[in-house]
Amino acid sequence: MKARVLLVAVAAMLAASAPAGAADRVVERGIVQSIDSTAIVLRALDGTDVAVRLGPVTRFRLNGRAATVADIHPGLVAEVVTIGPGPALVVRALGDVERAAVRGVVLRIGSRGLLVRRASGRSVRIAMNARTTVWHGGTRLGLRAVRPGMRVDVYRAAGGVARVIVIRSAAA
């Protein structure tokens, strides 16, 4: 009899705790602005930017398939699920899997563009405009934060203009 009462009490506690976990579930949706091993930044439909922590238990999906953090890149549509204030449990992204990034070291930066040297040694001139954003470690910065010598990834819009500049490391 005691075992039955204990079993009923445990079942009631488990049933009562399940909705509380679901109530703490948060889903953020938007366009990926930047991502690294510690955080992902999404731009929501209302134009606000939302940063979500990533952790060692975060799983990644790209177009329905298992992926890594390196497979997720700016421009993808993403959904990030968290429980309470913890890191993301899952990042689900959709979109073109080709990364159209220019990765390299900033040689020069001006009001209308920047010059980036790729690992191959070739330099690429990339135009910028008022919509160009800069990110470093999940934080949005101004264009003035970009300096010669910095290692960056530059993601371009359809017209070739820099849409997002992700600072990978500061100038040496």
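Leaving aside neighbours within four places in sequence, which residues is glutamate 79 in contact with? In this predicted model, the partners are Val27, Glu28, Arg29, Val90, Val91 and Arg92. Glutamate 79 itself belongs to strand 6, which spans residues 77-83.

Two of these contacts can be described further. The side chains of glutamate 79 and arginine 92 are joined by a polar contact of 2.6 Å. A polar contact of 2.9 Å links the glutamate 79 side chain to that of arginine 29. The relative accessible area of glutamate 79 is 18%. Glutamate 79 therefore counts as buried, the cut-off being under 20%.

Glycine 47 was examined next. Glycine 47 sits in the loop between strand 2 (39-43) and strand 3 (49-53). Its relative accessible area is 43%. Glycine 47 is therefore classed as partly exposed, since the value falls between the 20% and 50% limits. In sequence, glycine 47 and isoleucine 31 are 16 residues apart. In space, their C-alpha atoms are 9.9 Å apart.

The overall fold gives the setting for both residues. The protein contains one helix and 14 strands. It has 172 residues, of which 35% count as buried. Among contacts with a separation of 6 or more, 51% come from residues 24 or more positions apart.

How values were computed:
Residues numbered from 1 in each chain as written. Predicted model: local features only at pLDDT ≥ 70, side-chain atom pairs only at ≥ 80, totals over all residues. Heavy atoms only, no water. Helix = DSSP H or I, 4+ residues; strand = E, 2+ residues; numbered from the N terminus. Buried < 20%, exposed > 50% of the residue type's maximum accessible area, 1.4 Å probe, protein only. Contact = heavy atoms within 4.5 Å. Polar contact = N/O pair within 3.5 Å; in protein donor to acceptor, adjacent residues only side chain to side chain.
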